[in-house]
Amino acid sequence: LPPLELPQGSYLLVFSAPGRAEIRYPFIVTRGEQLTLNVDLPQASRIPDGYVYIPPGRFLFGTAEADAIRQSFLQTTPLHMRETPGYLIAKYETTLGQWIEFLNDLSPADRTKYSIEFTNAGASGAIGLSQLADGSWQLTLQAVNTTYTLRQGQPLIYGGRNRNKQQDWSKLPASGMDRSAAEAYTSWLRRSGRLSGARLCSELEWERAARGADAREHPQGNLIDGTEANIDESYGRDNMGPDEVGRFPASQSPFGVHDMAGNVNEWVRSALDSSEAVIKGGGFFYNIITARSTNHSAVPANIHDPTFGFRVCGDLPPTAP
C-alpha cells in the first residue's frame, strides 16, 4: 500500500486475499509517528477451525485509571505499550462438548479425575458433569435457586428468562475446573496433535485479543451492559447462569473473538507474577467493572468455581493441520 497520512488515533485494518486467512489488525498511531506495518497473511488452511490468528504487533496493556482503582480493584499495571509475537486464540471459551471429547479420550481413572464434581460454590451456583452407566454424560447445573439435571441431548431451559431461555448445554462454557485441569486439557490438545503449542493464554495474549491495540476497558469500547455480554444485570438476579458461547456478538473484540467480557471468568497465565493464578473477563455473576479486560484477578490455583472456565491459545502450525 502507498503511504497513508492519518490523524493520531486508533484504527482497524482488515486484510484478505484468495486462499489466505482474513486478518484483522487493530493499531494505534501517535502524533508525528512514522509507522511501518508488515502483516503476513497465512494460508487459510493453516488456521484450525474455531481459532483466530493474531499477527505480531504492539498494543496498550494495563489501565489509565487512577491508582486507587488500579491498585485496589483492577490490580494491574499502569497503561504502557507491549508487544506479542503471532499466535492463535480460540474464538470462543472451551465448551462442555469439547470437555466431554477430552474426557472420552482419557483412561477411566483420568476420566474420573477430570470430570467436574458437583459442589456448591455458594451464591454463584454450582456445576457438575458425570458419566452415566451407559457411557453418556449428565450435566447438573445450579443456577441461583434452581437446579437442572440434564442428560446429553436434553436442552437447558432457564425458568424465568424472557430471552436466551433455551440453550444447548454442550455449547455452554466448560467451568468448575481448577487451573491444573485446564492445563491438562491443553496438554491433551498438544499431545494428540489437535493444536500446535496449545496452552492457557498468557495475560498479554488474552488482553491483546480482547482489547485490540488501544486503551479501551471492554472488548467493544469503554462501556458495556447486560444486552452486550452475559453479566449480572443481563437477566436479573434470579435468572443468572452461563449461556452458549457466542450469544453476545455485540461485545466481540476487534479481532473477532467472543465472550471476553462476561459468561465465565477465564484462567490465564499471569504477565505480572509467574507464581500467580489469574482469571480475566468477568462472568455471569459479576458486574461490569469485574468484566473489564484490564481486570487482573489473582485467585488460588486449586479453586473450583462454576464461574471459572478458560479458552485456548496456540501456535500457527508450519503446515496445514
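**View 1. Helix α5 (residues 203–211) lies across strands β13 (265–269) and β14, at about 130 degrees to β13.** This is a predicted model, in which local features need pLDDT of at least 70, side-chain atom pairs count only at pLDDT 80 or more, and totals for chains, interfaces and linings use all residues. Residues are numbered from 1 along each chain as its sequence is written, and side-chain values use heavy atoms, with hydrogens and water left out. Helices (H or I, at least four residues) and strands (E, at least two) are DSSP runs, numbered from the N terminus. Axes are lines fitted to C-alpha atoms, for helices over the stretch in contact (heavy atoms within 4.5 Å), and angles run from 0 to 180 degrees between N-to-C directions. Nine of the nine residues of α5 are buried (under 20% relative accessible area, 1.4 Å probe, protein chains only); W206 is one of them.

**View 2. Here is an open, mixed sheet of four strands, ordered β15-β14-β13-β16.** Because β15 (297–299) and β16 (308–309) each have a single partner strand, one side of each is left without a neighbour in the sheet. Strands pair if DSSP finds at least two bridges between them; β14 (residues 277–280) and β15 do so in the antiparallel sense over three bridges. Look for A277 opposite V299 in β15.

**View 3. Meet residues with a positive phi.** Most residues other than glycine have a negative phi. G212, with phi near 80 degrees, follows α5. N164, not a glycine, has a phi of about 50 degrees and sits in the loop between β10 (156–157) and β11 (166–167). D259, also not a glycine, has a phi near 60 degrees; D259 lies in the loop between α5 and β13 and counts as buried, at 2% relative accessibility.

Technical notes: Buried < 20%, exposed > 50% of the residue type's maximum accessible area, 1.4 Å probe, protein only.
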